[in-house]
Amino acid sequence: MANKIVCLIALFIATCMCAAIVSATQGVDVSGACLVSNWQCLAKGGYSFGIVRALRSNGSPDTNAPHTVYNAWDGGMKHVDVYFFPCYKCGNAAGQVKSAVDYLKSYNAKWGTTWLDIEGTQYWSSSQSSNQQFFEEMVSELKSLGQTIGVYTSASQWDPIMGSSYTGGSRYPLWYAHYDGRQSFSDFSPFGGWKRPAMKQYAGDDSDCGCGVDLNWY
């Protein structure tokens with residue numbers, strides 16, 4: 001009987017481990033052009049989603065984005081999102097995000113979530129209230145454009161830029177960065193009103209299949 005119990009426990013643990021492996025979803029984000037062949041290589045390597053930069057830090061649409069989005073779909077990605085790196089100093093928050101969305105749509109690009117990249121205190125105002133207003137103007141415009149919104153940030157970036165007590169982003173899914181090389185949320189601590197994350201960027205500035213990538217998991 002004891003041996004049977006041990007075997008059953010071992011089987012249960014193995015089943016749980018297999019389920020965890022099966023449910024893990026890996027993907028990459030890119031800030032440059034990637035060809036269909038690059039995405040095909042990434043798909044063969046076990047990556048199933050891509051996130052493409054579509055707004056540059058100078059406040060202008062990324063001209064690589066539409067074809068990189070096309071290529072990601074054609075290369076076998078099951079999900080394709082975009083991210084916007086806004087330019088506070090350029091002003092016109094609503095205009096920036098609208099121009100990026102309009103640019104993608106002018107090429108009939110298709111994507112899921114539009115992630116707002118909130119990082120780098122050097123890119124933002126020293127006034128957290130001004131940063132909050134800029135963020136809210138971007139969100140408002142994206143909502144009016146019918147976009148599904150997410151936020152890319154981490155506590156080390158969000159708190160000094162937006163303020164540790166500001167929770168205006170927590171209504172939207174959180175994609176956070178922690179380069180610990182682990183596909184796990186066990187390192188996550190709540191901040192900014194977020195109780196749990198949707199996705200983790202666990203490695204950055206990598207190169208795979210001929211593309212510069214960051215590695216992500218959920």
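In these legends a residue counts as buried when its relative accessible area is under 20%, as exposed when it is over 50%, and as partly exposed in between, with a 1.4 Å probe and protein chains only. The views show a predicted model, in which local features need a pLDDT of at least 70 and side-chain atom pairs count only at pLDDT 80 or more, while totals for chains, interfaces and linings use all residues. Residues are numbered from 1 along each chain as its sequence is written, and side-chain values use heavy atoms, with hydrogens and water left out.

**View 1. Arg 53 and Asp 62 form a salt bridge.** A salt bridge here is a side-chain nitrogen of Lys or Arg within 4 Å of a carboxyl oxygen of Asp or Glu, and a search of the whole structure finds four of them. In the pair shown, the closest N and O atoms of Arg 53 and Asp 62 are 2.8 Å apart. Asp 62 has a relative accessible area of 3% and is therefore buried. Side chains of opposite charge can pair when their charged atoms come close.

**View 2. Within helix H4, Asp 102 is joined to Lys 98.** Helices (H or I, at least four residues) and strands (E, at least two) are DSSP runs, numbered from the N terminus.

**View 3. Lys 200 takes part in a network of salt bridges with Asp 180 and Asp 187.** The closest N and O atoms of Lys 200 and Asp 180 are 2.9 Å apart. Because Lys 200 lies in strand E7 (residues 199–208) and Asp 180 in the loop between strand E6 (174–177) and E7, this pair ties together parts that are 20 residues apart in sequence. Lys 200 is buried, with a relative accessible area of 0%, whereas Asp 180 is partly exposed, with a value of 26%.

**View 4. Tyr 176 is placed between neighbouring strand partners and also belongs to an aromatic cluster.** Two strands are said to pair if DSSP finds at least two bridges between them. E5 and E6 pair in the parallel sense over three bridges, and E6 and E7 likewise pair in the parallel sense over three bridges. Tyr 176, in E6, is the bridge partner of Thr 153, and the bridge partner of Tyr 176 in E7 is Lys 200. Rings of Phe, Tyr and Trp (its six-membered ring) pair if their centres lie within 6.5 Å, with planes under 30 degrees apart counted as stacked, over 60 as edge-to-face and the rest as tilted. The whole structure holds 18 such aromatic pairs. One of them joins Tyr 176 and Phe 185 in a tilted arrangement, at 6.2 Å centre to centre and with 45 degrees between the planes. Tyr 176 is buried at 4% relative accessibility, while Phe 185, at 27%, is partly exposed. Other members of the cluster include Phe 135, Trp 158 and Trp 217.

**View 5. Helix H2 has buried residues along one face.** In H2, which covers residues 36–44, the buried residues are Asn 38, Trp 39 and Leu 42. Seen down the helix axis, they fall within an arc of 95 degrees (taken from the directions from the axis to the C-beta atoms), so they line one face of H2. These residues pack, with contact meaning heavy atoms within 4.5 Å, against strands E1 (26–30), E2 (49–55), E7 and E8 (211–217) and against helix H3 (65–74). After H2 comes Gly 46, whose phi is positive, near 100 degrees.

**View 6. Helix H5 packs its buried residues against several strands and helices.** Residues 128–144 make up H5, and its 17 residues should span 24 Å at 1.5 Å a residue, a figure that agrees with the 24 Å between its end C-alpha atoms; the expected span is 1.5 Å times one less than the number of residues. Among its buried residues are Asn 131, Phe 134, Phe 135 and Met 138. The buried residues of H5 pack against E3 (79–84), H4, E4 (113–117), E5 (148–153) and H6 (155–162). Just after the helix, Gly 146 takes a positive phi of about 75 degrees.

**View 7. Glu 119 sits in the loop between E4 and H5.** Glu 119 is partly exposed at 24% relative accessibility. Leaving aside residues up to four places away in sequence, Glu 119 touches Phe 85, Trp 124, Tyr 152, Gln 157 and Ile 161. Ser 156 is 37 residues from Glu 119 in sequence, and the two lie 8.6 Å apart in space, C-alpha to C-alpha.
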